[in-house]
Amino acid sequence: MKRIGERLLASPAPATGAPARPSVSAGDCGLLLLRLAVGLLMAGHGAQKLFGMFGGRGLAATGRGFATLGYHPGRVYAATCGLGELLGGLGLAVGLFTPLAAAALIGVMINAMVTVTSLHGLWETSGGMEYGIVITVAALAVAATGPGRLSLDLPFRWGKGGWREAGFALALGGAGAVVVLIL
């Protein structure tokens, strides 16, 4: 009995031969689900603006809407916003250039919150900032934790996440939003 107890407490012997392959954890799968949901929804949102897909209004109508919000030329700002959502969303979904993708989504969402949704309070039922906050925090969290093993960023340094990556995403997204708001 004593031997069985010792065996249970002992670490398993290292495997010989081929190097161990890293296994995919539940956290990696969870990050993939988060990235796919947020990223693909944001990419679809951008496709609505740019191409009129998924019931969107397309670039010309979206440009007119941006012009009524004070963005001139409206079509240029609509294209910039739509590309930020489309490319940032796709990048986040597949885990490619994750800090940059997160920065694009953070910048677009900060701008939307400042110019449109903050006027309506917090909750989405009143047209408020709830959705923008969730997207911003999710993008920042993915930049901080890294996209996980099921991503195209895995071989790169920034594919591991960290304070630097999160700071980069927040600073670049915030700076981009400030530039757009000032112009």
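This is a predicted model: local features need pLDDT of at least 70, side-chain atom pairs count only at pLDDT 80 or more; totals for chains, interfaces and linings use all residues.
Trainee: Where does helix α2 run, and how many residues does it have?
Mentor: Helix α2 covers residues 26–51, which is 26 residues.

Trainee: What span should α2 have, and how far apart are its ends?
Mentor: At 1.5 Å a residue, α2 should span 38 Å, and its end C-alpha atoms are 36 Å apart, so the two values agree.

Trainee: What is found at the start of α2?
Mentor: A side-chain oxygen of Ser25 comes to within 3.2 Å of the backbone nitrogen of Gly27 there.

Trainee: And which residue follows α2?
Mentor: Gly52 follows α2, and its phi is positive, near 75°.

Trainee: Which residues of α2 are buried?
Mentor: Among them are Asp28, Leu31, Arg35, Val38 and Met42. The cover over the buried residues of α2 includes α3 (58–68), α4 (74–94), α5 and α6 (130–145).

Trainee: Turning to α5, is Asn111 buried or exposed?
Mentor: Asn111, a residue of helix α5, is buried, because its relative accessible area is 10%, and buried means under 20%.

Trainee: Which residues is Asn111 in contact with?
Mentor: Leaving aside neighbours within four places in sequence, Asn111 is in contact with Tyr71, Ala177, Val180 and Leu181.

Trainee: What about Leu100: why does it count as partly exposed?
Mentor: Leu100 lies in helix α5, residues 98–115. Leu100 counts as partly exposed because its relative accessibility is 47%, and that class lies between 20% and 50%.

How values were computed
Residues are numbered from 1 along each chain as its sequence is written. Side-chain values use heavy atoms; hydrogens and water are left out. Helices (H or I, at least four residues) and strands (E, at least two) are DSSP runs, numbered from the N terminus. Buried means under 20% relative accessible area, exposed over 50%, partly exposed in between (1.4 Å probe, protein chains only). The expected span of a helix is 1.5 Å times one less than its number of residues. Contact means heavy atoms within 4.5 Å. A polar contact is a pair of N or O atoms within 3.5 Å; within protein, one must be able to donate a hydrogen and the other to accept it, and residues adjacent in sequence count only if both atoms are side-chain atoms.
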